[in-house]
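I opened this notebook to record what I looked up, strand by strand and then around the ligand.

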Amino acid sequence: MSGWRLIADAELQSRNTFGVAARAPWLVEVEDAGALGEVLALPELQGPAPLLLGGGSNLLFAGDPQTAVIALDTHRTDILEDDGDLALVRVDAGVEWHALVLWSLEQGLMGLENLALIPGTVGAAPIQNIGAYGTEVGEFVRTVEAWDREAGNMLRLDREACAFAYRNSLFKQVPDRYLVAAVEFALPRQRALKLDYAGIPEELAAMDAIAPTFRDVAEAVIRIRRRKLPDPAVIGNAGSFFKNPIVPAAVADELQKQHGGLPVFRGDAADNRKISAAWMIEHCGWKGFREGDAGVAATHALVLVNHGAASGAQLLSLARRISESVRLEFGLGLEPEPRIIGAIW
Ligand code: EPU
């Protein structure tokens with residue numbers, strides 16, 4: 001037995017950024033992704049598909065998971081190739097996302113600067129195709145190494161095969177089939193910076209960054225995030241709890257007519273638009289709402305927070321009420337962004 005450790009009746013409160021109490025019948029800490037085949041064959045892991053846990057920053061334990069949980073404790077970052085223009089970097093799934101962003105900035109590698117300070121691990125990044133301030137991680141993914149539970153072996157999936165879309169990917173569509181073990185990124189040494197997202201130009205101006213570098217962009221993103229998004233180390237949360245709904249352009253036009261000021265953004269196709277869920281939630285009066293220890297952040301209406309002892313079930317119930325009130329007011333239900341464990345949305 002090497003490369004992994006099996007723990008019975010494991011506590012998960014310290015392993016999810018909402019900080020809600022939950023226990024797993026079995027937890028396996030895996031230090032070598034090469035041991036995944038052996039781990040998945042353990043008698044304790046038979047039955048329903050185990051849950052692969054990264055930083056626990058994109059899930060809500062609405063109840064105890066009924067399955068075993070696997071945590072990848074792997075930490076290598078290697079430059080595989082570097083021709084001076086583009087570097088190919090292979091990163092283990094267990095590496096902290098923001099640590100990778102800081103490392104890439106130090107190496108002079110661009111691309112991840114708009115994605116600074118996103119909580120979670122590298123292995124989780126491709127699953128929901130993390131995105132912020134006009135960039136999505138899928139743009140820089142070359143290959144994902146994943147264990148395929150169906151085939152029983154490690155696979156290499158190229159970017160096309162990963163089917164990246166807004167907060168979506170192959171891994172989210174087929175949630176139990178693949179366990180992401182490592183990600184290879186293609187990071188350029190030069191690229192046109194993404195500076196147009198609302199808030200970024202203002203922040204760069206406040207920093208006196210007249211000819212901003214990619215390091216300035218990262219700094220601007222860090223400042224905005226620190227101001228708007230609660231730090232999970234201080235107050236439990238999982239970032240945006242809801243996705244921005246994507247609707248046909250005609251529906252967006254109609255909604256904007258009825259609700260002056262509703263922010264509407266480009267969608268993922270010419271004929272659709274992304275509507276601001278935060279604005280609708282705020283409009284329904286939820287921003288800063290608190291009931292017991294479950295609430296909505298006072299600084300950003302998309303973020304549900306655990307003020308201390310909220311249960312996952314209480315947070316889920318609040319989320320459902322929010323979605324229902326938005327549906328009544330705007331005719332659009334909201335979909336949660338994090339994975340809900342132990343209950344059905
Ligand atoms: N807004 C409000 N009330 C609020 C917050 C925002 O009305 O409390 C309105 C503002 O008008 C603002 C607009 O909503 O112009 C958009 O706000 P923001 O720039 O914060 O973006 P978002 O669409 O609410 C998305 C991501 C965030 C990401 C930001 C910045 C989703 C679900 N969320 O939020 O991602 O940081 O853009 O790029 O797409 C996350 O996924 O966990 C996350 C934090």
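**Entry 1: the pairing of β18 and β19.** I began with A294, whose bridge partner in β19 is N306. The model is a predicted one, and I read the entries below accordingly. I then looked at the two strands as a whole: β18 and β19 pair in the antiparallel sense over three bridges. They form a hairpin, with six residues between the two strands.

**Entry 2: N306.** I placed N306 in strand β19, which covers residues 303-306. Is N306 buried or exposed? Its relative accessibility is 3%, so I recorded N306 as buried, the cut-off for that class being under 20%. I next followed the side chain of N306. It reaches the backbone nitrogen of A310 at 2.9 Å, and the backbone nitrogen of A309 at 3.5 Å. Which residues does N306 contact once its neighbours within four places in sequence are left aside? I listed F18, G19, V20, I235, G236, D293 and L315.

**Entry 3: the two faces of β19.** I checked which way the side chains of this strand point. V303 and V305 point one way from β19, whereas L304 and N306 point the other way. I noted all four as buried.

**Entry 4: the other neighbour of β19.** I turned to β13, which is joined to β19 by three bridges, the two strands running antiparallel. Here N237 stands opposite V305 of β19.

**Entry 5: the whole sheet.** In what order do the four strands lie? I read the order as β13-β19-β18-β17, an open sheet with antiparallel pairing. Its edge strands are β13 (236-240) and β17 (290-291), each of which pairs on one side only. I followed β17 to its partner: it pairs with β18 (residues 294-296) in the antiparallel sense over two bridges. Within this pairing, R290 has G295 of β18 as its bridge partner. I also found a helix against the sheet. Helix α9 (residues 312-330) packs there and touches β17, β18 and β19. The direction of α9 makes about 40° with that of β18.

**Entry 6: a second hairpin.** I looked up β10 (residues 141-148) and β11 (residues 153-158), which run antiparallel and are joined by six bridges. T143 stands opposite D158 in β11. These strands form a hairpin with four residues between them. In the turn I noted G152, which has a positive phi of about 75°.

**Entry 7: the ligand shell.** How many residues surround the ligand? I recorded 24, the closest being Y133, Y166, R167, E282 and H300. I then asked which elements supply the shell. α6 (214-228), β13 and α8 (277-283) each supply at least two of its residues. The largest share comes from α8, with three residues.

Entry 8: A side-chain N or O atom of Y166 is 2.7 Å from an oxygen atom of the ligand. For S240, a backbone N or O atom lies 2.8 Å from a ligand oxygen atom. For Y197, a side-chain N or O atom is 2.9 Å from a ligand oxygen atom.

Definitions and conventions:
Residues numbered from 1 in each chain as written. Predicted model: local features only at pLDDT ≥ 70, side-chain atom pairs only at ≥ 80, totals over all residues. Heavy atoms only, no water. Buried < 20%, exposed > 50% of the residue type's maximum accessible area, 1.4 Å probe, protein only. Polar contact = N/O pair within 3.5 Å; in protein donor to acceptor, adjacent residues only side chain to side chain. Contact = heavy atoms within 4.5 Å. Pairing = 2+ DSSP bridges. Axes fitted to C-alpha atoms, helices over the stretch in contact; angles between N-to-C directions. Near = heavy atom within 4 Å.
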